[in-house]
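Here is a short briefing to read with the structure open beside you. Follow each point on the model as you go.

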Amino acid sequence: MMRQSARLVGQILQELKAMIRPGLKTIELDKYAEKRTKELGAQPAFKGYRGYPASLCVSINEEIIHGIPSDRQLKEGDLVSLDFGVVYEGFYGDAALTCPVGEVSEEARRLLAAAEGAFWAGLEYFKEGHYLSDISHAIQTYVEARGFSVIRNFVGHGIGYALHEDPQLPNYGPPHHGPRIKTGLVLAIEPMIAAGNWEVEILSDGWTAITKDRSLAAHYEHTVALTENGPQVLSLVSEEEQADREKGVHYA
Ligand code: MF3
Ligand code: CO
């Protein structure tokens, strides 16, 4: 069940990514995400969550997370992160990615690569025998080795019957602390990183989190399950698979 909801999120995120171009209003991404979700028999998970007003979070440049879609248009050189979740038959899926709008700076390219790389570095420790904080530590080490910083005010989380379940998963901290990882655990692992300092400010809309120093930020997230066959990235839909899907080729 969780695979199904997470795959819907991955698929819709890939469709949204393909829409990204200069001039696109961020509200158009939100409308598309909501319409597709309902077409596929699911419901948006974020809309109404603690009063969040939209289905999608769109965070641009120094915005880290929880950017509210609006009439703002994307422009060449922007770094845009899309964070999306659905509930399908009572189970939640949650994922995020960051992508360039046209040509972006070298720093922006390095930052988004670091957010993705940090996710995979953390996933290395998503195995029986490791501690939860081993994931946190691996993410922090990877990000800081590249000269960037990890946002501390927001965390990854358990996911399943609710969008946010225990345990919390910080993206920093010492290894070998807290609970041990066990088969059956499903997490949203989500490094949020900044090119500058990690301090955060919340805009007057009550949601949008930005870097205090206005440096660029990036976010990358997947819903992952530890199965008897090892870790599986439930919300990952590869670009090849997405291309096949658009041609009408379907996977089991
Ligand atoms: N991926 C984010 C999270 O895990 C999205 C939450 S947005 C909200 O918490 F609107 F639902 F709050
Ligand atoms: Co999340």
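This is a predicted model: local features need pLDDT of at least 70, side-chain atom pairs count only at pLDDT 80 or more; totals for chains, interfaces and linings use all residues.

Ligand 1 takes up the space of the largest pocket. A whole-structure search also turns up ten salt bridges.

**Around the ligand**

- Ligand 1 is surrounded by 13 residues. Among them, the closest are Tyr52, Asp83, Asp94, His157 and His164.

**Polar contacts with the ligand**

- Aspartate 83 places a polar side-chain atom 2.6 Å from a nitrogen atom of ligand 1.
- Aspartate 94 has a side-chain N or O atom 3.0 Å from an oxygen atom of ligand 1.
- Glutamate 221 has a side-chain N or O atom 3.1 Å from a nitrogen atom of ligand 1.
- How much of ligand 1 does the protein bury? Taken alone, the ligand exposes 330 Å², and the protein buries 94% of that.

- Glutamate 15 and arginine 36 form a salt bridge. Their closest N and O atoms are 2.8 Å apart.
- Glutamate 15 sits in helix α1 (residues 2-19), and arginine 36 sits in helix α2 (residues 26-39), so the pair ties together parts that are 21 residues apart in sequence.

**Backbone spots to check**

- Most peptide bonds are trans, and most residues other than glycine have a negative phi. Two places in this model deserve a look against that background.
- Is the peptide bond from aspartate 166 to proline 167 cis or trans? The bond is cis, with omega near 0°. Proline 167 belongs to strand β8 (residues 165-169).
- Histidine 66 is not a glycine, yet it has a positive phi of about 65°. Where is histidine 66 found? This residue is in the loop between β3 (63-65) and β4 (79-88).

Terms used: Residues are numbered from 1 along each chain as its sequence is written. Chains are lettered from A and ligands numbered from 1 in the order in which they are written. Side-chain values use heavy atoms; hydrogens and water are left out. A residue is near a molecule or strand if one of its heavy atoms lies within 4 Å of it. A polar contact is a pair of N or O atoms within 3.5 Å; within protein, one must be able to donate a hydrogen and the other to accept it, and residues adjacent in sequence count only if both atoms are side-chain atoms. Accessible areas come from the Shrake-Rupley method with a 1.4 Å probe; for residues, only the protein chains shown count as cover. On a 1 Å grid over the protein atoms alone, a cavity is a set of points where a 1.4 Å probe fits but cannot get out, and a pocket is an open set with protein on both sides within 12 Å along at least five of seven lines; lining residues have an atom within 4 Å of a point. A molecule sits in a cavity or pocket if more than half of its atoms lie within 2 Å of its grid points. A salt bridge is a side-chain nitrogen of Lys or Arg within 4 Å of a carboxyl oxygen of Asp or Glu. Helices (H or I, at least four residues) and strands (E, at least two) are DSSP runs, numbered from the N terminus.
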